[in-house]
There are 2 protein chains.
Amino acid sequence: MIELIQDGSVTSAKGFAAGATYAGLKTQEEGVLDLGILLSDVPANLAATFSTNKILSPSLVLSRERATRGTARGVVANSGCANCCIGGQGLTDAKELTELAANHVGVDSQDMLVCSTGMIGVELPMALLRQNVSNIRMTDDGGHDFAGSLMTTDTRRKEIAVSIEIDGTKVTLGGGAKGVGMIHPNMATMLAFVSTDANVEQKFLQTALTEAVDSSFNMCSVDGDQSTNDTVLVFANGQAGGSAIEAGSAAAKAFQEALTYVCISLAKDMVRDGEGAQKLIDVTVESATTLSDARKAARDIASSSLVKAMVHGNDPNWGRIMMALGKSGSDMEESKIDIFINDIQIVHNGVAIPYHNDVVVGAMAGSPEVRFRVSLNIGDASATGWGCDLTEEYVTFNSAYST
Amino acid sequence: MIELIQDGSVTSAKGFAAGATYAGLKTQEEGVLDLGILLSDVPANLAATFSTNKILSPSLVLSRERATRGTARGVVANSGCANCCIGGQGLTDAKELTELAANHVGVDSQDMLVCSTGMIGVELPMALLRQNVSNIRMTDDGGHDFAGSLMTTDTRRKEIAVSIEIDGTKVTLGGGAKGVGMIHPNMATMLAFVSTDANVEQKFLQTALTEAVDSSFNMCSVDGDQSTNDTVLVFANGQAGGSAIEAGSAAAKAFQEALTYVCISLAKDMVRDGEGAQKLIDVTVESATTLSDARKAARDIASSSLVKAMVHGNDPNWGRIMMALGKSGSDMEESKIDIFINDIQIVHNGVAIPYHNDVVVGAMAGSPEVRFRVSLNIGDASATGWGCDLTEEYVTFNSAYST
């Protein structure tokens with residue numbers, strides 16, 4: 001039973017502190033934060049996933065190297081600068097930033113990871129960071145400020161915390177993220193951090209994170225562009241007590257469900273906040289032959305520009321759904337396909353069925369969330385993916401960013 | 001030496017006739033054509049490439065089956081209706097349409113292929129087609145009308161013809177196409193037809209077409225959406241005389257160059273006419289390790305929504321080029337990458353070099369064609385791809401099409 005915590009954040013779980021400050025990386029406005037630290041009171045088991053782009057931020061490269069140890073104390077994150085494509089200086093600066101943060105909170109810099117997000121091709125302003133890091137006040141309700149410090153063009157913080165009971169012990173998972181799917185104008189797209197006081201064995205933690213990311217962040221897409229800085233970290237510090245959660249147990253299943261729930265919630269927050277987006281698109285592909293087929297098909301439908309544009313116009317042009325489904329390459333038989341838009345069936349056995357066009361238009365227009373359900377009727381696998389509509393505002397916003 | 005023919009079309013080569021009529025598939029406006037036939041006076045060697053979408057138009061399926069014989073007399077094409085996703089009726093109608101056309105021009109229907117383009121999910125109006133097919137007047141300068149009958153939301157015909165001399169014989173290649181890259185609102189995206197009077201051995205003709213398509217149509221992309229109806233056909237009827245052109249000869253090399261030239265010209269016409277498009281994007285990736293790496297990288301850059309949006313805004317935000325390059329997965333070393341925008345270098349060895357921002361903005365703003373040259377400096381392979389800018393008009397147009 002997953003219980004949602006009101007106003008939850010990355011500091012909702014026991015034994016985590018966080019804080020943030022304005023360090024001069026972003027344009028100053030009232031309350032703007034751009035440098036934050038998340039810290040576990042004790043060494044935490046760590047799992048991580050990273051961007052597969054061939055061009056990577058040195059911040060990511062350093063964190064990926066340190067993550068191989070499977071344990072860490074925390075992470076320092078900055079927005080406004082991706083620390084990417086600036087040559088050898090990037091790794092030097094990433095290392096120094098972890099040292100500055102680690103010294104400030106009194107831990108070894110090897111136990112500190114680093115994430116950067118913002119403009120590609122400009123160097124981190126190290127003088128400003130050196131000067132301002134000590135302004136970060138670490139508190140056990142600093143999660144909101146930490147999430148705020150991650151924001152670039154995000155219009156709101158993306159946070160959640162839930163609790164579950166595992167073997168009689170109540171454990172909490174908190175999450176904070178930034179990003180608007182793949183459409184962030186600087187491409188330093190998404191960061192997500194999950195903290196939990198659950199006692200989770202490290203190998204299982206990595207397996208669980210990979211599974212959760214595959215069902216959440218990897219299922220949300222906006223324009224198919226992929227960041228140089230994408231990072232998801234989960235810290236499990238065991239402060240809730242209880243025996244270690246290991247793969248294959250009932251406890252592992254419960255933890256996996258909660259972790260996936262947190263990641264899906266953050267992923268949907270990102271898509272909803274997509275630049276110019278007015279609607280969330282929720283695509284479920286069911287009765288596919290394999291999970292990977294279902295996922296590929298759901299993702300291809302949710303990320304098709306033409307599907308996204310038709311949602312913007314409340315246009316039930318289902319031929320575009322068939323087109324995107326077909327280009328996924330997943331197994332399918334055209335004559336068995338059923339399609340529903342917001343629960344109204346519009347295709348049966350691959351052919352349009354008579355329907356009241358106005359009813360579907362009305363259902364799409366009246367809802368901030370448009371749901372497509374595609375039944376392939378050839379197997380047992382299903383998957384859900386998320387996208388957002390494509391609007392004139394997206395184009396306007398992205399056609400003049402750096403100038 | 002490839003020579004361009006003024007006002008060339010698919011009937012520029014010897015022994016080809018064509019014609020078109022209005023059959024009531026599209027909204028009637030002055031001069032609108034929506035049904036056309038292209039015919040070779042004698043059996044022609046045929047090569048073809050087709051969409052790899054899993055959902056396919058029965059028109060395509062029938063043509064693909066007939067194309068396996070390697071010879072044909074012609075093709076009947078309609079616009080306004082994709083003849084796709086309408087169940088078993090689609091194949092019945094496709095067959096009847098070839099019979100109607102074949103009877104009209106006096107050939108065997110097995111020698112007639114069929115291509116349809118337009119709205120997905122509606123049936124061909126067979127009564128109208130039966131009634132109007134006999135209005136098509138076949139002439140040896142009917143190529144322009146044939147190209148006109150392919151148009152859906154195209155704003156202009158896409159045609160070309162060239163001549164070359166092969167072993168002392170002058171041969172001609174003519175081409176006609178429709179489509180606006182991958183962004184056609186009904187997804188019945190692109191059709192292209194090439195006719196030549198060259199005497200080309202059939203197996204080599206298929207090899208040459210595949211190579212030409214890989215360098216042209218497969219290198220132009222708008223939003224990554226892929227049609228259910230894409231078809232490219234080349235008819236070689238040998239009416240220019242000369243001995244058969246076979247693989248490996250100097251003649252084959254000359255023919256290949258001319259065929260690729262024709263296909264690239266038609267592909268660029270499609271991208272230039274992209275919905276809402278104001279600029280052509282020309283991306284060359286050079287000194288890559290392999291040709292497939294160079295092609296993948298050029299295509300990924302030309303089709304990135306963020307790259308396309310920055311071109312629309314004349315914004316030299318080169319970090320997006322690096323992002324798209326990296327996500328291609330091609331071999332690269334960040335520290336060796338050079339990038340040029342309209343011949344002005346903006347990245348050297350993976351790092352921004354000082355440049356006059358205004359000069360690049362001015363160069364982008366002043367030109368209907370924006371050229372990116374990306375030097376990976378790790379090999380000898382290079383490739384060029386084409387895209388168009390992403391504009392507010394694209395979104396407006398595609399957000400309300402069927403309603």
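Which residues in α1(A) meet which residues in α2(A)? The legend to Figure 1 answers this. The model is predicted: local features need pLDDT of at least 70, side-chain atom pairs count only at pLDDT 80 or more, and totals for chains, interfaces and linings use all residues. Residues are numbered from 1 along each chain as its sequence is written, while chains are lettered from A and ligands numbered from 1 in the order in which they are written.

**Figure 1. Helix α1 against helix α2 in chain A.** P58(A), S59(A), V61(A) and L62(A) in α1(A) meet G90(A), L91(A), A94(A) and K95(A) in α2(A) (contact: C-beta atoms, placed from the backbone, within 7 Å). By class, this contact has 5 nonpolar, 2 polar and 1 charged residues (nonpolar: Ala, Val, Leu, Ile, Met, Phe, Trp, Tyr, Cys and Pro; charged: Asp, Glu, Lys and Arg; polar: the others, Gly among them). Helix α1 spans residues 58-67 and helix α2 residues 89-105 (helices are DSSP runs of H or I, at least four residues; strands are runs of E, at least two; both are numbered from the N terminus). Their axes come within 8 Å and cross at roughly 55 degrees (axes are lines fitted to C-alpha atoms, for helices over the stretch in contact; angles run from 0 to 180 degrees between N-to-C directions). α1(A) and α2(A) are therefore oblique to each other (under 35 degrees is roughly parallel, over 145 roughly antiparallel, 65 to 115 roughly perpendicular, the rest oblique). The crossing is right-handed (the near helix is turned clockwise from the far one by less than a right angle).

**Figure 2. Helix α1 against helix α2 in chain B.** The axes of α1 (residues 58-67) and α2 (residues 89-105) come within 8 Å. They cross at roughly 55 degrees. α1(B) passes α2(B) in a right-handed crossing. P58(B), S59(B), V61(B) and L62(B) meet G90(B), L91(B), A94(B) and K95(B).

Figure 3. Most residues other than glycine have a negative phi. S287(A) is found in strand β10 (residues 280-288). It is partly exposed, with 17 other C-beta atoms within 10 Å (20 or more is buried, 12 or fewer exposed, in between partly exposed; C-beta atoms are placed from the backbone). N314(A) is found in the loop between α8 (305-312) and α9 (319-327). N314(A) is buried, with 20 other C-beta atoms within 10 Å.

Definitions and conventions
Contact = placed C-beta atoms within 7 Å.
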